[in-house]
Amino acid sequence: SPGGRRSSRLARRSPMAAQEPPEPEPGGRYEAVVPHWFYCRVTESRERWVPFSAQDSERLEEAHGAGGAQEGVVVPTSGGRYDVQLRARRRVAVYWEEEAAEVRRCTWFYKGDKDNKFIPYSESFSEELEEAYMIAVTLGEWKKKLESPNREVIILHNPKLMVHYHPVASSDDWVSTPTEQGRPRTVKRGVDNIAVEIPSGEPLQIDHLVFVVHGIGPACDIRFRSIVQCVNDFRNVSLSMLQAHFKKAQEQQQVGRVEFLPVNWHSSLHSTGVDVDLERITLPSINRLRHFINDTILDVFFYNSSTYCQTIVDTVASEMNRLHRLFLQRNPHFRGGVSIAGHSLGSLILFDLLTNQKADPQEEEHCAQGARTTSSMGGIEEVKEILKKLELSEYCDIFEKEKMDRQALFLCTEENLKEMGIPLGPRMKILHYISSEAETKVCFLHGLCSCHHIPSPGIPLTQGPLSNYPQLNYKPTIFFAFGSPIGMFLTVRGVKRIDPNYSLPTCKGFFNIFHPFDPVAYRIEPMIVPELEFEPMLLPHHKGRKRMHLELKEGLTRMSVDLKNNLLGSLRVAWQSFTRAPVPALEAGGSEAEAEAEAGTEKQPDTKAEEPPAAVKEETPPINVGRLNGGNRIDYVLQEKPIESFNEYLFALQGHLCYWESEDTVLLVLKEIYQTQGITLDQPLPGSQ
């Protein structure tokens, strides 16, 4: 072929040029091009060449130079989540299923037709171009023409101007020759000369591992992206938040990064053949809507079916165990903790899984002792409250003498109460109270591990539609729920209250994070402290202040309160002066009395004006929300954006899918994870716990 002849001519000339290079013209010294490695990402049948990070590219180049043509040379890239098979030039996902991507060692590029992105030439043709360029520079002979494998012409006019022409075929394709006709495209040598953003590398040190479980459907955000893509965004935001808020710890090499790995259960569920069964019974009308419902909304019903719920839970647990094993194999020096996060239905799956984990026997005994201590201290007082509620306070001394706590009370039979000397009427009241509590399940959420609470007898365990839950191979440090319906599902299952002494058997931390307009999200704290009304914790903005429209809203509220107080104060002064009794007509005495009265009226509004700030301080006392999150607050609400506050309904769907790119959410996750290691933010954010 013409390209082959050109290549052979260049090959014949290059050894001579290498051995005895002629005197270069001024400025004609040749410098070898620095290669950069790229991989091809295909989205919706469109190819896009993406550069590896500088450190990954250097690693690949080093392996290439050290005999990368050998079989079996594999280079980990992208933080260890992808392997590059160097000889096959393939990029393969490690932790999830994904089509292998082509990898290329790139030196020469041309500008594409559609989106003006630069596309790398093949490695073999890039070598030909580089050889021609070297000869042109060393000999000072430009206007070089080369023919690409696609019979396209590349002309090297000078070092700054190199163009690529499409071939224009004549009527007879057999005798057509490449010409310079057609629209020219720019050709560039080296990655430094093209407009492309080289990604920042990731720290090699991994401090913590987080598994992320998706909600309903295969798509996880408003752009219909997969869980892998959304978790990639979450990870990228975490890297930028670490640089912005943990700079000191990074400089002291205390902080590396947190690895986030996606857990996919949707594909396993829908590969059981259920989709074929559904297709058979689905009506043909409004086809797209019905397909969307079958693929997404029905996941909620699948989870409430014991058959498919078992498939979902087994898939999530086995996948997290598999990922954990694989991660430890690839990172043998990892000594960090593991946390889990779930979005929407994924958070409910994880919650059910965690409530049914089994604690170690030693820990169980330790917790049981703690529970007994708590019971002995607070249980009797609880029984007194129940007796007071039943108007039986006069029997408190008898129950206290018998050391009767709540658990013992719920174990009482009529015979026991009779032996204690309780008359028939009060006995009936107490027994009715116990039975009504059991029937309506006004009780305490508890798991299979009995060490975290003292459950009432006869009250069934609220554990979802399953009785057989798989066990995880590790104890999660923290559980993060994003846009979670856990509270709603517990209520529907009949749980009306969560015992303040209850905590997840193997996980000590639990954060329920939600957007204020998220239609799927529900709170948890009111189920623990139903008698109190209080707001969720407002998540601080990652830049250290409230959003401006919220500050303005609060400022206007404060201003209206101040105006109201001032107006009431003025009216009070006016009323007092109007109703003041007449003073005797001794001028000196009168003036003194008036001065005292005026002083009194002046002081009074001042003291009244002082009260509102004190009242404001009293509005947010420390709230005890039990042990579910180790005594710390559980519910955290994001601050809505200014545009979202115009119409809550319009941004409801966006509110449910916003967590993947939310800096505030990511920063809370990082803050809580690193706090377990004794590492804090550079600057504490206002309003944070």
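This is a predicted model: local features need pLDDT of at least 70, side-chain atom pairs count only at pLDDT 80 or more; totals for chains, interfaces and linings use all residues.

Student: Remind me what a disulfide is?
Tutor: A covalent bond between the sulfur atoms of two cysteines.

Student: Is Cys309 buried or exposed?
Tutor: Buried, because its relative accessible area is 0%.

Student: And Cys396, buried or exposed?
Tutor: Cys396 has 13% relative accessibility, so it counts as buried. The cut-off for buried is under 20%.

Student: Switching to the whole chain. How many helices and strands?
Tutor: There are 21 helices and 19 strands. The chain has 689 residues, and 44% of them count as buried.

Student: What about contacts across the sequence?
Tutor: Take contacts between residues at least 6 apart in sequence. Of those, 72% join residues at least 24 apart.

Student: And the accessible surface of the chain, what does it come to?
Tutor: About 37,400 Å². Carbon and sulfur atoms account for 54% of that.

Student: Which residues form a nonpolar patch on the surface?
Tutor: Phe224, Ile286, Leu289, Phe292, Ile293, Ile297 and Phe301. Together they have about 710 Å² of accessible area.

Student: Where does Ile286 lie?
Tutor: In the loop between helix H7 (274–281) and helix H8 (287–303). Ile286 counts as exposed because its relative accessible area is 52%, and the cut-off for exposed is over 50%.

Student: Now strands. Why is E11 called largely enclosed?
Tutor: E11 covers residues 161–165, and four of its five residues are buried, so the rest of the structure largely encloses it.

Student: What does E11 pair with?
Tutor: Strand E10 (residues 153–158) runs antiparallel to E11, with five bridges between them. Val153 sits opposite Tyr165 in E11. A hairpin connects E10 to E11 through two residues.
Tutor: E11 is also joined to strand E12 (residues 185–189), antiparallel, by two bridges. There, His164 stands opposite Arg185 in E12.

Student: Last one, strand E3. Which side chains point where?
Tutor: They alternate along residues 74–77. Val75 and Thr77 point to one face and are buried.

Student: What is E3 joined to?
Tutor: Strand E4 (residues 82–85), antiparallel, through four bridges. Pro76 stands opposite Asp83 in E4.

Student: And the turn?
Tutor: E3 and E4 form a hairpin with four residues between them. Ser78, in the turn, has a positive phi of about 50 degrees.

Conventions
Residues are numbered from 1 along each chain as its sequence is written. Side-chain values use heavy atoms; hydrogens and water are left out. Buried means under 20% relative accessible area, exposed over 50%, partly exposed in between (1.4 Å probe, protein chains only). Contact means heavy atoms within 4.5 Å. Accessible areas come from the Shrake-Rupley method with a 1.4 Å probe; for residues, only the protein chains shown count as cover. Two strands pair if DSSP finds at least two bridges between them. Patches are made of residues with over 30% relative accessible area and no salt bridge: like charges are joined within 9 Å, nonpolar side chains (Val, Leu, Ile, Met, Phe, Trp, Tyr) within 5 Å. A salt bridge is a side-chain nitrogen of Lys or Arg within 4 Å of a carboxyl oxygen of Asp or Glu.
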